[in-house]
Amino acid sequence: EISYQQGGLSCLNILDSSMALKFGFWTIRGLGQPIRLLLKYTGTDFEEISYQQGGPPEFSRQEWFSAIPKLGLDFPNLPYLIDGDFKLTQSNAILRYIARKHGLCGRTERQMAIVDMLENEAMDFRNEFVQLVYDPNMASMKADYLHSVDARIQRFSLYLGDKPWFTGDEITFPDFSLYELFDQHRLFEPTILDKYPNLKNFLDRFEALPAIKAYLSSDQFKKRPVYNTPALWK
């Protein structure tokens, strides 16, 4: 491990650059997509191991379950990240692990606290949407969801204001999660951001980042499915 100073705070250069990381997830965007975006943005070499969930009526996860004994994960889950002999699960832990290497966790104590807040706001946003798209009654719930989620989107718009990124002038890892969530929502309802030009500009700004632009225009990027086979909207 190599210690370096950033903004008066000591960070650890914790990624082993001598070999490609292994990133495991379902063959969907889901929780894995912000990690993919962050890996691409940071120029991190990685190998993706994909797992396919079966179709109805069983929606089998046997492909993933069969792989678990061979992986040696302390808390088996998807997504996972393997960096040499270090193995990590939980999506936000993985995002932070990558972000720390590249100074994408905030430079000051205040910025890091804001990053923590935004990380959790993004997860609340995501969890509400997931509850909807996996609910058998999604069609009848959609109108109510779009009404209620507008208040959340408005708060994000007010918080972003005229800043380029959610913590200010420099991009941090919650921007990757929030980009993905806003993009999912405009796929779900194309007009959902029409009242919020600063959020649309945020999406455009993110997509114009050279590494992100290259990834989104490559064969590696899959626009769909967003969620797994049991979801009513994919």
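This is a predicted model: local features need pLDDT of at least 70, side-chain atom pairs count only at pLDDT 80 or more; totals for chains, interfaces and linings use all residues.

Reply: Residues are numbered from 1 along each chain as its sequence is written, and side-chain values use heavy atoms, with hydrogens and water left out.

Me: In what order do the 4 strands of the open sheet stand?

Reply: Strands are DSSP runs of E, at least two residues, and helices are runs of H or I, at least four, numbered from the N terminus. Two strands pair if DSSP finds at least two bridges between them. β3 and β4 run parallel over 6 bridges, whereas β3 and β5 are antiparallel over 3 bridges. β5 and β6 are antiparallel too, over 4 bridges, and the order is β4-β3-β5-β6.

Me: Which strands stand at the edges of the sheet?

Reply: The sheet is open and its pairing is mixed. Each edge strand has a single partner, so one side of each is left without a neighbour in the sheet; these strands are β4 and β6.

Me: Which residue is the bridge partner of K22 in β5?

Reply: In a regular strand the side chains alternate between the two faces of the sheet. L81 stands opposite L88 in β6. The partner of K22 is I82.

Me: Which residue takes a positive phi in the hairpin of β5 and β6?

Reply: The hairpin has 2 residues between the strands. A positive phi near 65 degrees is found there at G84.

Me: Why does helix α1 count as largely enclosed, and how many of its residues are buried?

Reply: The buried residues of α1 include P34, L37 and L38. Helix α1 (residues 33-41) is largely enclosed by the rest of the structure because its buried count is 7 of the 9 residues.

Me: Is E180 buried or exposed?

Reply: E180 is placed in helix α6. Leaving aside neighbours within four places in sequence, E180 is in contact with R29, Q33, P34 and L37. Its relative accessibility is 2%, so E180 counts as buried.

Me: How far apart are the end C-alpha atoms of helix α4?

Reply: The expected span of a helix is 1.5 Å times one less than its number of residues. For the 25 residues of α4 (residues 109-133) that should be 36 Å. The end C-alpha atoms agree with this, at 37 Å.

Me: At what angle do α3 and α4 pack?

Reply: S91, N92 and R96 in α3 meet V115, D116, E119 and M123 in α4. Their axes are 12 Å apart. Axes are lines fitted to C-alpha atoms, for helices over the stretch in contact, and angles run from 0 to 180 degrees between N-to-C directions. The angle is about 145 degrees.

Me: Which strand does α2 run at about 135 degrees to?

Reply: Helix α2 (residues 62-71) lies across β3, β4, β5 and β6. α3 also packs on the sheet, touching β5 and β6, and its direction makes about 130 degrees with that of β6. For α2, the strand at about 135 degrees is β4.

Key. Buried means under 20% relative accessible area, exposed over 50%, partly exposed in between (1.4 Å probe, protein chains only). Contact means heavy atoms within 4.5 Å.
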